[in-house]
Every structure is written in structure tokens, then in C-alpha cells.
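Please look at the model below before reading on.

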Amino acid sequence: MKILVVGGGGREHAIIKKLAQSDKAEKIYCTPGNGGIAAYAECFDVGATDIDGVVALAKKLAVDLVVVAPDDPLVLGMTDALQAEGFMTFGPKKAAAVIEGSKVFSKELMKKYNIPTAKYEVFTSSEEAIKYVKEQNTYPAVIKADGLALGKGVILAQNEEEAVEAIKSMIDGRQFGDSSSTIVIEEYLTGPEVSVLSFTDGKTVVPMLSSMDHKRALDNDEGLNTGGMGTVAPNPYYTDDVAGECMEKIFLPTINAMNKEGRTFEGCLYFGLMITPKGPKVIEYNCRFGDPETQVVLPMLQTDLVDIMVAIYEHRLSEIDVEWAMGSCACVIMASGGYPLSYPKGLEISGLDSKGQIDGCEVYHAGTKLADGKYLTNGGRVLGVTAKAITLKGALDKAYAGVEKISFENAHYRKDIGQRALKAAENADPLHLGYKDDMEDYIEENGVYLRQ
């Protein structure tokens, strides 16, 4: 098969590297791609949201499958346009992608179908929103832009002053453009967060390996919200009991609810969860692979990703046995100094080989470009340095050792990725999570962990 992947970040790099492992992937293309992706796929200069341009490119290349990875083109209807021209696609149609495209839609869906989530109210008037916040007088207050905002459209206001400022900047100041003309104010939930990506064809839902994201820019979960500074998988808080409850009360009800609304979801549906004292609740849905969760989940996938994507398109996911490697995976994001605010571009990156990799780790390029044989920074999140091991500590040690081999001016990364998971996993089932000492009885053989 000839496959075209739409997008140009670390998530797309991870998808492409996994697709490239399939003997069914004859040729892989990407648009627009980046410096690291160019080593694994032929890249083109068509924007990820240029629907007509992508359709024309797919025709020109005569591809067999188009993978639409980012949220923006999915919400805009790129999958619909491609399918109208007869292309096999991976990614939901516009009617289903609204589950991420509108926080208001997703919250009302959960309320209608009794899917557990935080209490909320919707506002288009800053005056009404401020009045509501003052009446509630409970902090932190969760204030969300209705539409897409590059993963940054959520503000946790710690007091009334911060809440008023956030409301005014979103609704009146259009901080996130039209995406924040409508906002959702939610109750603040407590508990560990869990990300669960899932494959679904609208009939069957197959949760992937769970993961834990680290959103804040600085150590100890301080600083500004980002698109994600690192991830680990699996997440020790996602026990078998929690997984069973999620399937019964959240995953299947969501798929069924979308079907009842005439918005059948086909592709990757991301569940952002909070494991509260009252059980798991939905924080958010995403209509695609998460970034950087994909960078720790897909390296652990043992089933052919091409087979999974084709089965989803053909509505026969139930026939596929999706299998995962034993052990753990960790990803540390190397970002530009100043991210998520202003930062320079065009800084030379040293320590990478000709394919943009280093020994012992997978390096996923998020914001890079290749010029005159040199890798340069070209975004806020630059690289995701990822490693697998039998134990989480082993994976983290390998990932951080990889980070030490790479350098660029004012590179910034968190030093505490995975530390909460390590503490939580002290009593975890070693066969499920791979953290205990007796996992050292296992050896890795072609990505499969076998007892010695």
C-alpha cells in the first residue's frame, strides 16, 4: 500500500515509524512533515488544513490509504472530502470529530447519556460567566474554550481574580480566537489523570495501553499549561478494575451515544480521564491520537498498524487481535526555551544521526526542519526522546540518558517525568505494569518480553 499521513509533529512521526514496520507499507508520504519525518517518508509542502490541497495530493500520488492525524483537519471535514473521492481513510468524519471540536457538544452528550463527567455551565457573556464564578466561589475553577486551542484552551483559575481575568481574556479578548467566544466553566475534579486512546470502528472499541501525560511546563507540575512535556505508559492508576468500570460506564456508552446521534465515530478516540474518589470521570475527548501520548503507546504496539487501520475502515475491528509488548515506555519532551510563550527558531540541534536518531532511544521530531544536512529547531516542542524497558525506571533512565546526548541552545525539559507513576506503581502487578524487581527475570526478544 501507498500511505499518505497528514500532519507534521511528533505524533505523526510516531505513526509513520510504526506504519513503516508493516510489510504492507510499500511507500509512505507525509504532508507537511518535518525534518525527522523526512527520513522515513517523502514529504510535501501542503498544509494540514488545506483540504483541497490534500485531496489533490492524494490523487496525484494515487495512494491507497490517507491517515488524517491532527484535530484541525478532522474537525474541518478532511475525512469526508477524501472519502467523497473514493479514498480509504483513517480518522473520523466531521460529524464525529465535533466531540473534540466543541466542548459544549461533548459536555451535553455526556449529560444526555449519563456518562460521568464534571458538572458544568456554558457561557457566551463574560458578565454572566463572572457572576456565576462569584456565586460558586469554589476554586480552582476550570475554564475551557469551547473550540480547538492547540491543547492550551484550559485555564485553572486559583482564585476570583484569576477567574475573572481568564473569562475576560477568553470571551472579550478572544484569547483563542473564535474558539473562546463560548466557554465552559466546570467543577474542579481531584484524582490522578489517565489518558486512554482507543481504536474504534463505531461497533467495537479497543482501548490502547494507558498513559500519563505531564502538561505543566516546569517540574512539580508548576508553570504554564503546554501541549505536553512528557508521558509514560502504562499508567499505574489504570488498574484492571478501573479499566472494567471505564469500559462499562464510559467507553461503550460514548460509542453508543455517538451512534444514536448519527455521528458514528471511526478512528482513534482519546479519553482524558480523572480517577476521582467517586470513580472515573471524563475530563475531555479528543478525536485523534494524543500528542505526546502516541509517542509512548505506539512503540508498545505489536499488531500491524496498517491491518488495524484497514479493519477500522472496513468495520471489522472485532476480527483483529490487538496485542501489546510487556514492560514500560517513557517519553521526555525537549522544548525550546520560552515555550509555551515566545521562543526562537532555527537553532542547530547536535547529537542526532543522519536519520535524526540516537542509539538506545526512539527520537520523535515535533518541531524540527532539515537544512543543509543539519537539524534545526522549528517549534516549541522540538523532540520527544522515547525509550522502552522492562521496568518504568529502566525506561526513564534510558530516555534521560538519550536527552543528555542531544543539545541545542536553551533546550528545556522537565526532570521529573514519570516520578508520580513510579511512586504509585510500587505495589502494582508486575506482569501488568512491569515495575517490580521480579520483572528482571524477563528478557526482551524482538520487542516481546519472555521469562528467562
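In this predicted model, four strands form an open sheet, a sheet of 4 strands in the order β11-β10-β16-β17, and the pairing is antiparallel. Its edge strands are β11 (205-207) and β17 (279-286), each of which pairs on one side only. From one strand to the next, the twist averages 35 degrees. The model is a prediction, in which local features need pLDDT of at least 70 and side-chain atom pairs count only at pLDDT 80 or more, while totals for chains, interfaces and linings use all residues. Residues are numbered from 1 along each chain as its sequence is written, and side-chain values use heavy atoms, with hydrogens and water left out.

**Terms for the sheets**

- Helices (H or I, at least four residues) and strands (E, at least two) are DSSP runs, numbered from the N terminus.
- Two strands are said to pair if DSSP finds at least two bridges between them.
- Strands of a sheet pair through backbone hydrogen bonds, either parallel or antiparallel.

**The chain as a whole**

- The secondary structure of the chain comes to 14 helices and 25 strands.
- The chain has a radius of gyration of 21 Å, close to the 22 Å that the globule rule gives for 452 residues, so it is as compact as a globular protein of that length. This radius is taken over C-alpha atoms, and the globule rule is 2.2 Å times the number of residues to the power 0.38.
- Taken along the principal axes, the C-alpha atoms fill a box of roughly 60 × 55 × 45 Å.
- Of the 452 residues, 57% count as buried, where buried means under 20% relative accessible area, exposed means over 50%, and partly exposed lies in between (1.4 Å probe, protein chains only).
- Among contacts (heavy atoms within 4.5 Å) between residues at least 6 apart in sequence, 67% join residues at least 24 apart.

**Strand pairs**

- Strand β22 (residues 381-389) has 8 of its 9 residues buried, so it is largely enclosed by the rest of the structure.
- Strand β18 (residues 328-336) runs antiparallel to β22 and is joined to it by 8 bridges, with Gly-384 in β22 as the bridge partner of Ile-333.
- Strand β19 (residues 362-365) is also antiparallel to β22, through 4 bridges, and here Glu-362 has Thr-386 as its bridge partner.
- Strands β20 (residues 368-371) and β21 (residues 374-377) pair in the antiparallel sense over 4 bridges, with Leu-370 opposite Tyr-375 in β21.
- The hairpin of β20 and β21 has 2 residues between the strands, and Asp-372 takes a positive phi near 55 degrees there.

**Helix α7 and its two sides**

- The buried residues of helix α7 (residues 126-136) are Ser-126, Ala-129, Ile-130, Tyr-132 and Val-133. They cover an arc of only 160 degrees around the axis, which puts them on the same side of α7; the arc is that of the directions from the helix axis to the C-beta atoms.
- These buried residues pack against β6 (120-123), α8 (160-172) and β9 (183-186), whereas the face turned away from the buried side carries the exposed residues Glu-127 and Glu-135.
- Ser-125 caps the N-terminal end of α7, with a side-chain oxygen 3.3 Å from the backbone nitrogen of Glu-127.
- Asn-137, which follows α7, has a positive phi, near 50 degrees.

**Two buried loop residues**

- Gly-356, in the loop between β18 and β19, has 0% relative accessibility and counts as buried.
- Leaving aside residues up to four places away in sequence, Gly-356 touches Val-363, His-365 and Tyr-375.
- Thr-117, in the loop between α6 (103-112) and β6, counts as buried at 16% relative accessibility.
- The side chain of Thr-117 makes a polar contact with the side chain of Lys-107 (2.8 Å). A polar contact is a pair of N or O atoms within 3.5 Å; within protein, one must be able to donate a hydrogen and the other to accept it, and residues adjacent in sequence count only if both atoms are side-chain atoms.

Conventions. Axes fitted to C-alpha atoms, helices over the stretch in contact; angles between N-to-C directions.
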